Amino acid sequence: MHRVTKALHTRIDNQAVHPAVSPIYQNSAFTADSTYFYTRKDNPNVAELESVLCSLEGARHAVAVGCGMAAIFMTLELLRAGDVLVVNKDIYGCSFRLFQRLSERRGFSVKVLDLSLESSLEEIPRDTKMVFFETPTNPFLKTIRIRTVADHVKSLRADALVVVDNTWATPLFQSPLQHRADISLHSGTKYFSGHSDVMGGVLLVDREELAEEFRQTRFYGGTVLDPFAAWLLRRSLQTLDIRLERHQDVTLEMRDFLATLPPVKKVYYPEVDGSQLTGYGGILFFELHEDLTPRYREFARALELFETGTGMACVSSMVAQPYSGSHASLTAKEKRDMGLQENLVRLCFGLEHPEDLKRDILAAFATLESADEPQDAAARAEVG
Ligand code: PLP
């Protein structure tokens with residue numbers, strides 16, 4: 001055999017290897033006798049991740065995809081021209097923008113309601129095809145009762161779909177399908193990854209026909225998760241439980257601490273009712289007193305243990321201003337309608353020791369007291 005041909009056909013014997021953990025199947029193609037076909041359709045690392053996620057959330061089927069927005073996009077693929085989509089008004093800015101973009105292009109309509117108020121149920125149109133929300137909500141961490149919304153919507157129209165973005169609650173603390181939601185989805189980029197180093201998303205459903213629909217959309221739409229990302233996410237999920245426990249403890253302590261600080265007007269933390277939401281991780285919001293609002297960027301810059309930027313739910317702490325960050329894509333009016341102002345600050349607590357985080361926050365506020373004037377220009381350029 002020519003050495004070039006031999007080099008091409010050299011393989012280790014997979015049958016004899018027996019690795020202790022699954023290797024990365026970094027291949028696009030499978031042999032004709034494989035149960036897999038092509039990585040755009042399915043891949044062992046993706047399948048393993050999906051099984052893990054099904055166990056964690058108590059779902060029958062999981063379809064893993066490239067990122068959270070891909071999962072949301074695929075959900076909206078289920079809508080047709082003339083359909084009505086109801087969305088909660090407090091929601092991740094990019095999701096809101098995507099609803100608008102697609103509704104204009106596809107001809108479905110979007111009705112925005114505050115689903116945290118039971119009175120809003122009366123305003124849900126009778127022909128609603130899909131209801132989409134996050135609970136706890138982003139921002140403000142309000143609770144939406146999944147079962148109450150689902151019971152109501154399905155009483156209006158039996159084939160209506162209830163979709164919950166469960167990213168912030170996590171599968172360990174909330175299982176929307178057990179409260180009559182049809183689809184639960186996640187950005188795996190957040191707690192699943194936990195280290196700000198991998199993107200991913202997942203759709204979880206109990207009904208086989210929905211799972212099959214999503215598998216088809218993934219195959220034809222190419223929203224597949226790459227094997228290395230699937231492997232990393234699966235690896236990170238092995239510590240999800242202990243990370244969340246620690247996020248929770250640190251955050252509870254920091255919530256109570258923040259509430260004692262004079263510059264802090266109000267702290268937002270969700271209602272952990274033990275039935276729908278059985279615990280909560282590391283993301284909270286607080287409002288600065290109005291006179292300090294123009295100083296937010298100085299405050300963020302002065303923090304040494306909190307990274308700025310778009311990441312969250314990872315092992316190290318982060319600070320962000322939703323007005324200019326996660327909800328930057330909304331117009332000023334849309335933000336006003338949401339009640340979102342510049343004095344709202346999002347803190348994501350990592351796994352640091354709470355005493356260090358407290359010292360850091362106190363020192364950052366002290367900087368504001370000692371400085372006379374806001375230092376705007378340079379600071380403004382830094383935080384997106
Ligand atoms: N859903 C929520 C609640 C989010 O916070 C985000 C991103 O911040 C997304 C979806 C989008 O996820 P991804 O960035 O993985 O596309």
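Q: How many residues surround the ligand, and which are the closest?
A: In this predicted model, 13 residues surround the ligand. The closest are Cys-67, Gly-68, Met-69, Ser-187 and Thr-189.

Q: What is that shell like by class?
A: The shell around the ligand has five nonpolar, six polar and two charged residues.

Q: Ser-187 is on that list of closest residues. What is its bridge partner in S7?
A: Ser-187 is partnered with Gly-201 of S7.

Q: How many bridges join S6 to S7, and which way do the strands run?
A: Five bridges join S6, residues 183-187, to S7, residues 201-205. The two strands run antiparallel.

Q: What sheet are they in, and what is the strand order?
A: S6 and S7 belong to an open sheet of seven strands, ordered S1-S7-S6-S5-S4-S2-S3. The pairing is mixed.

Q: Which strands are at the edges?
A: S1 (61-65) and S3 (109-113), each of which pairs on one side only.

Q: What is the average twist?
A: From one strand to the next, the twist averages 20 degrees.

Q: Which strands does helix H5 lie across?
A: H5, residues 93-106, lies across S2 (84-88) and S3. H5 runs at about 150 degrees to S3.

Q: Moving on to the five-strand sheet. What is its order?
A: The order is S8-S9-S12-S11-S10, in an open sheet with mixed pairing. Its edge strands are S8 (264-268) and S10 (307-308).

Q: How are S9 and S12 joined?
A: Five bridges join S9 (residues 283-288) to S12 (residues 344-348), and the strands run antiparallel. In one of these pairings, Phe-285 has Arg-346 of S12 as its bridge partner.

Q: Now helices. At what angle do H3 and H8 cross?
A: Roughly 30 degrees, and the axes of H3 (residues 44-57) and H8 (residues 227-237) come within 8 Å. H3 therefore counts as roughly parallel to H8, and the crossing is left-handed.

Q: Which residues make the contact?
A: H3 contributes Asn-45, Val-46, Glu-48, Leu-49 and Val-52. From H8 come Pro-227, Ala-230, Trp-231, Leu-233, Arg-234 and Leu-237. By class, the contact of H3 with H8 has eight nonpolar, one polar and two charged residues.

Q: And how do H9 and H12 pack?
A: H9 (residues 240-258) and H12 (residues 354-370) pack at about 35 degrees, with their axes 10 Å apart. Their crossing is right-handed.

Q: Which residues meet there?
A: Val-250, Glu-253, Met-254 and Phe-257 of H9 meet Pro-354, Leu-357 and Lys-358 of H12. The contact of H9 with H12 has five nonpolar, no polar and two charged residues.

Key: Residues numbered from 1 in each chain as written. Predicted model: local features only at pLDDT ≥ 70, side-chain atom pairs only at ≥ 80, totals over all residues. Pairing = 2+ DSSP bridges. Helix = DSSP H or I, 4+ residues; strand = E, 2+ residues; numbered from the N terminus. Near = placed C-beta within 6 Å. Nonpolar A, V, L, I, M, F, W, Y, C, P; charged D, E, K, R; others polar. Axes fitted to C-alpha atoms, helices over the stretch in contact; angles between N-to-C directions. Parallel < 35°, antiparallel > 145°, perpendicular 65-115°, else oblique. Left-handed = near helix turned anticlockwise from the far one by under 90°. Contact = placed C-beta atoms within 7 Å.
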